[in-house]
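Work through the exercises below with the sequence and the model side by side. Try each task before reading its solution.

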Amino acid sequence: MTAQAALKAALRDIVGPAARTAGFKGSGSTWRLTNSQGDWAVVNVESSSSSTSRSVHCVISVAVAPAPWLDWMRESLGSLPKSINESLGLYRARLHPNGTPAGRDWWWEISSERDARAAAADMVVQLADHGWPTLTRLLDRQALLDSIRAGDLGHMKSGHFDVFFARAEALLIAEDGPSTRLDELLDHATTNAMPAQKANAEKFAAWVRSRAAHGS
């Protein structure tokens, strides 16, 4: 059995049932959960491009993509894939093997069926502790907004991405219509955008204001 086949079987037999118990649907290496507003949470077991038939390195990527963000991504990209994937998330993070030091990007290493089943069992633990609860919580718009205001979007922290965080908050509160806070956020994001991003920032601000004016 190749390392890829061993991982596939372990995900099917061990992680898949845990995903379904948590309310997520999917198969293979990806599971999703959506809410009545069209927001999505995604879990994907990502394998390294350097993996071979004898050895696979993998990590869990998780994401939350609220509908307003997906609308903007569609506006920016022209279209979206049929199935929402982790790369489209507004909130994005990774879950690592047990024992990974803070700030390190360790991946599971699989070279046998035993490795695969042990990795899958650890994935279930990491998802139970840091995955399913976080993703389910962030499918609540207010909880996601609170996380944005706290400066936490998974990989992104507000100290280094204040313009992005201003845009993210503006996007969510625009659903409630025009406001002074919305104008402040959009003005900040536009004024402080890098020169190469200025046109995109202005397009974003105009688009968000239009959504706010029309009640999305």
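**Exercise 1.** How many bridges join strand 3 to strand 4, and do the two run parallel or antiparallel?

Solution. This is a predicted model, in which local features need pLDDT of at least 70 and side-chain atom pairs count only at pLDDT 80 or more, while totals for chains, interfaces and linings use all residues. Residues are numbered from 1 along each chain as its sequence is written, and side-chain values use heavy atoms, with hydrogens and water left out.

Step 1: find the elements. Helices (H or I, at least four residues) and strands (E, at least two) are DSSP runs, numbered from the N terminus. Strand 3 covers residues 40-47, and strand 4 covers residues 56-65.

Step 2: count. Two strands pair if DSSP finds at least two bridges between them. Strand 3 and strand 4 are joined by 8 bridges and run antiparallel.

Step 3: check one pair. Val42 has Ala63 of strand 4 as its bridge partner.

**Exercise 2.** Which other strands pair with strand 4?

Solution. Step 1: strand 5 (residues 91-95) pairs with strand 4 over 5 bridges, in the antiparallel sense. Here Ile60 stands opposite Leu95.

Step 1: strand 6 (residues 108-110) is also antiparallel to strand 4, with 3 bridges. In this pairing His57 stands opposite Glu109.

Step 2: look at the cover. Buried means under 20% relative accessible area, exposed over 50%, and partly exposed in between (1.4 Å probe, protein chains only).

**Exercise 3.** Why is helix 5 described as largely enclosed by the rest of the structure?

Solution. Step 1: count the buried residues. Helix 5 is largely enclosed because 10 of its 12 residues are buried. Among them are Val163, Phe165 and Leu172.

Step 1: find what they pack against. The list is helix 2, helix 4 (141-149), strand 7 (152-153), strand 8 (156-157), helix 6 and helix 7.

Step 2: check the length. Helix 5 reaches 17 Å from its first C-alpha to its last, close to the 16 Å expected.

**Exercise 4.** Is Glu169 buried or exposed, and which residues is Glu169 in contact with?

Solution. Glu169 lies in helix 5 (residues 162-173).

Step 1: apply the cut-off. Glu169 counts as buried because its relative accessibility is 6%.

Step 2: list the contacts (heavy atoms within 4.5 Å). Leaving aside neighbours within four places in sequence, Glu169 is in contact with Leu145, Ile148, Arg149, Arg181 and Leu185.

Methods:
Expected span 1.5 Å × (residues − 1).
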